[in-house]
Structures are given as structure tokens and as C-alpha cells.
Amino acid sequence: MTTNGKPKFAMYWAASCGGCEIAVLNIHEKILDVDANFEVVFWPVAMDAKYKDVEAMPDKSILLTLFNGGIRTSENEELAHLMRRKSQILVAFGSCATEGCIPGLGNFSSPEEIFEAVYEGVSTENPEHYRPQYNYSMPEGDIHLPEFYPVLKTLDQVVPVDYYMPGCPPESEQIAAVIDLVIQVVNGEAELPPAGATIGAGETTVCDDCPRERNVKSIKKFVRIQELEHIDPDLCLLEQGIPCNGPATRSGCGCLCPQAGAQCIGCYGPAEGVIDYGARLMTAFASVIDSNDPDEIEAILDGIPDPAGQFYRFNLAGSLLRAGTPAWKSNGSD
Amino acid sequence: MTEKFEPVIIGFTCNWCSYRAADLAGTARIKYPPNIRLIRLMCSGRLDPTFVLKALAGGADGVMITGCHPGECHYLEQNYKALRRYLLLRRTIAQMGVDPGRVKLVWASAAEGVHLAEEITNMVEEIRELGPLNWPKWDTNGSKASVAVQEEVTA
């Protein structure tokens, strides 16, 4: 099956930033274990390989594929299907592949609005109003660009996924632990977790890992962290009025941000059993607001100027509604 | 359009007040449009915004949340939690391009069958005015979320 007898490893990036690849390389000398135990056959960011090389491989010949990035273009989708076909274990790796992440925020806008911002925005000088064309003919031949879809999808909205590994990016210790586990499985020393499981993360919430003191919460005012003169280093951030996403967010990151004095922004995605991350956060925030008067409640809520961004920063594509109206209406599916 | 658009509205009612108000409306033979599908919760405080989002994503054109009048909650003050969640949810869905008028909060005591029937009648007309929501039925292959939803439906 393999040229040198070692199982094959692949990593692919779809609509993503590349931070997941850096997180993998951040496992330091552990990366040598990857090389010792796997043959890396496809990893566009780290080595040269062509799509046709992957297409030529027998189906299921890659043991482990870490797939990061959401599905935004026809090229992303093609590669999702290709890697699914060629891989025995396909892992939705990182927040983009599992729940959409920052690229998924594009689901608030139509593709036209996105192109407008990119090609005509304040930071762009484009006097000729050039826009990329999907197909272009020139003397040397026809050239094509992949189609840009109306909404970004998560990997499991396009192909079946074996495991989910959350995080933006996944913490390097968690990656190292997962790689160790797969090596043990290959050597017959361990068993794979049940299909569909979330790996490389905890099962509870960031709050449960947080060392800050927690009391009964009652909030009269939400503030942005930069508006506070003094932040109590030992007290729960939410109790200080800072909208901290810890109550709904899956543990596994080691609660890094709250320990450093910044609120959790939710990059590890929904905690176990949560269907809609934003809904869980709305429940949590609304429960601790200390007012029963509609006008006063509205005034307190003004302290969260961008609720959809607060609640769905990482999870829009993976939420129940998945996209704002402008995005899906642009598909002509009205 | 020749046929009149008939909106589908999901109504969440509280066991102690608004569900009984609906019951009273029934026994008193007060008429209200059949567009609303009532679901009984023990309290409006049980209303997780997930329910509302799932209803909208699953084909409902509007959602009515009902509970006991302020100060009259069977569980002391859970209806205030419902109020706060509702106000926050409205802001969030508005950003997603859903008219906040599609989600409504109504207080109705067990004696207010007439009031509840009126509110339902009004909301059906308001949603009829707004038109169908038509949230897309996303085509999925193996989404965890859709599997979870199916399991709940068949359970």
C-alpha cells in the first residue's frame, strides 16, 4: 500500500488562514514522530504535491487526513470529496472545518457585498473596477478560477467526517496527543474513539477550567474590555460585565484567554450537547442580567453592540440558521 | 399569487397560564386561526432560544412565546428570564436578516382566553403581511447538527 511501508498522512487547507498548519508545526520535535511513523503524501503548505498525484492514489490509501478550512469555493468542495475518497480517517481539523470560524462570518453577507468590500473597499485602489472572472480566454488558452459559493459550509455539511477537532487553532499539546493516539492505534496499542467524536478537547466548558472566582452573577452593565479602567485579576470576567463566552464554549484550550485577562471568544466551539452555540450564550447572558424592566434590559443589552458577532464569531456556518438572509438569498433560493 | 399565504407559527405556551388560556379559548369556543401550533412548556423560562432558531430554520414563518404576566410566574421570576432572552434574541436575528416581528412575546394569564386568541389572530395577520420566511432547507451529507435534529424528532 505504501512505498516505504509507513501509513500515509495528509493535511489540506480549504478556506482558512494557515494558522492550523502553524499549530501542527508548533508541536516542535513531536513533528519528527509524524515523520518517523507516517509518510507525508500531501500537504500543500509544507511540501510540493499536485492534486493529480492524490487523484492517482488508490481510494482509502491515506490513513489520516487533517482537513482544515471551510468550504467556500468549488475547489474547496472538490478537495473535500477527493480527500474523503482517499482517506480512511478524515478529521475536520480546527474551527473553520468544524464550524465555519472567521471565514464563516462571510455568511452574513452576499458574495456581491463581499466582492464589493474586497475590490472597491476603502483600502483598495481599483479605478478600472477590475473584478476576477471565472473564465478568461487568452492567446495561450483558457484559464479558470474556482466558483465562489453563496455561503461557506463546514466540512461535515459537504462530506461525512470521522472526527472533529475544534480550536482556532487547536492547541499544539492537543494535536500532539491526538497524533500520539493515532500512532498507538497503528501499532495496535490503542483503539480509535467512537466515530463522530470530538477529539483533542474536553467535554465541559471553559468556565470549568477557569481559575477565576465565581459567584452568583448579576450584571447591570456590559462593557467592552478596553472600556474598563481596572480589571480584577481574580474575579470572573462575566461578573465584571465583560461578555465572556466561557459558559458555552468547549474546554480543551486550557482557558488561556481568561487567565491572561481577556474574555473567552469561543474558538473551541460549542460545549458537548449544545446544538446552537449562540442560543446557549444568549441563554447564559440573559440569565445574569439584573433587571426585570424591559427598558432597562434594553439599555443593558446596548452594551453588546454586535450580538450576532458576539454569539456566532466562530459558529455561524455551524449554527441552526447557518447564514444571514443576504447570503442565502443570493443563491436564488428565495 | 392566487392562493392566500397561510403562515406557520409555532407557539410556546406556559403550563400554568397561557396554555390554560388557550384551553379556555377552546372550551369557550373562541375562534382563532389554525396557523399556530402550540407547544406546552412548564414555564416560559424553559424557553431556550435554540427552540426558536430551530423552528425558524425548520420552516416556521414566525414564533410566539407566551408566559405569565410579570410578577405572576409560577416559578417566581422565570418569565423575566424569558423576557431578557427574547429581547436579546430579537437583536440577534435582526442582524441575520430575519424581521424581528417574526418572534413575539405575549403575556396571557389562565383567564385570558380572549386576549390570547386576539394576539394569535393579530400575529397571523402580521406574519401574512411579512410573507413566507422560506429559510433554506440546507442540503447536507453528514452534518452532526442534522443528525441530532432527526434523532430528537423520532425519539
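## A parallel pair of strands in chain A

In this predicted model, strand β3 (residues 62–68) of chain A is joined by 5 bridges to strand β5 (residues 87–93) of chain A, and the two strands run parallel. Within this pairing, A:Leu64 stands opposite A:Ile89 in β5(A).

The pair belongs to a wider arrangement. In chain A, 5 strands form an open sheet with parallel pairing, in the order β2-β1-β3-β5-β9. The edges are held by β2 (39–42) and β9 (163–165) of chain A; each has a single partner strand, so one side of each is left without a neighbour in the sheet. From one strand to the next, the twist averages 25°. In general, strands of a sheet pair through backbone hydrogen bonds, in either a parallel or an antiparallel manner.

## Backbone features in the loops of chain A

A cis peptide bond, with omega of about -10°, joins A:Cys168 and A:Pro169. A:Pro169 has its place in the loop between β9 and α8 (172–186) of chain A.

A:His28, although not a glycine, has a positive phi of about 55°. This residue is found in the loop between α1 (19–25) and α2 (30–37) of chain A. Is A:His28 buried or exposed? A:His28 counts as exposed because it has 9 C-beta neighbours inside 10 Å, and the cut-off for an exposed residue is 12 or fewer.

A:Cys255, also a residue other than glycine, has a positive phi near 55°. The loop between α9 (206–209) and α10 (256–259) of chain A contains A:Cys255. With 22 C-beta neighbours inside 10 Å, A:Cys255 counts as buried, the cut-off for that class being 20 or more.

## The fold of chain B

Chain B has 5 helices and 4 strands. Read from the N terminus, the elements of chain B follow the order β-α-β-α-β-α-β-α-α.

Of the 155 residues in chain B, 47% are buried. Among the contacts in chain B with a separation of 6 or more, 80% are accounted for by residues 24 or more positions apart.

## A covered helix in chain B

Helix α2 (residues 49–57) of chain B is mostly covered, with 7 of its 9 residues buried. The buried residues in α2(B) are B:Pro49, B:Val52, B:Leu53, B:Lys54, B:Ala55, B:Leu56 and B:Ala57. Just after α2(B), B:Gly59 takes a positive phi of about 120°.

What do the buried residues of α2(B) pack against? Within chain B, their packing partners are β1 (9–14), β3 (62–67), α3 (78–95) and β4 (103–107), and they also pack against α11 (277–288) of chain A.

## The contact between the chains

The contact takes 35 residues from chain A and 34 residues from chain B. On the side of chain A that touches chain B, at least two residues each are supplied by α11, α12 (294–301), α13 (307–312) and α14 (325–329) of chain A. The element that gives the most to this side is α11(A), with 7 residues.

By class, the side of chain A that touches chain B has 20 nonpolar, 10 polar and 5 charged residues.

Technical notes. Residues numbered from 1 in each chain as written. Chains lettered and ligands numbered in written order. Predicted model: local features only at pLDDT ≥ 70, side-chain atom pairs only at ≥ 80, totals over all residues. Contact = placed C-beta atoms within 7 Å. Pairing = 2+ DSSP bridges. Axes fitted to C-alpha atoms, helices over the stretch in contact; angles between N-to-C directions. Nonpolar A, V, L, I, M, F, W, Y, C, P; charged D, E, K, R; others polar.
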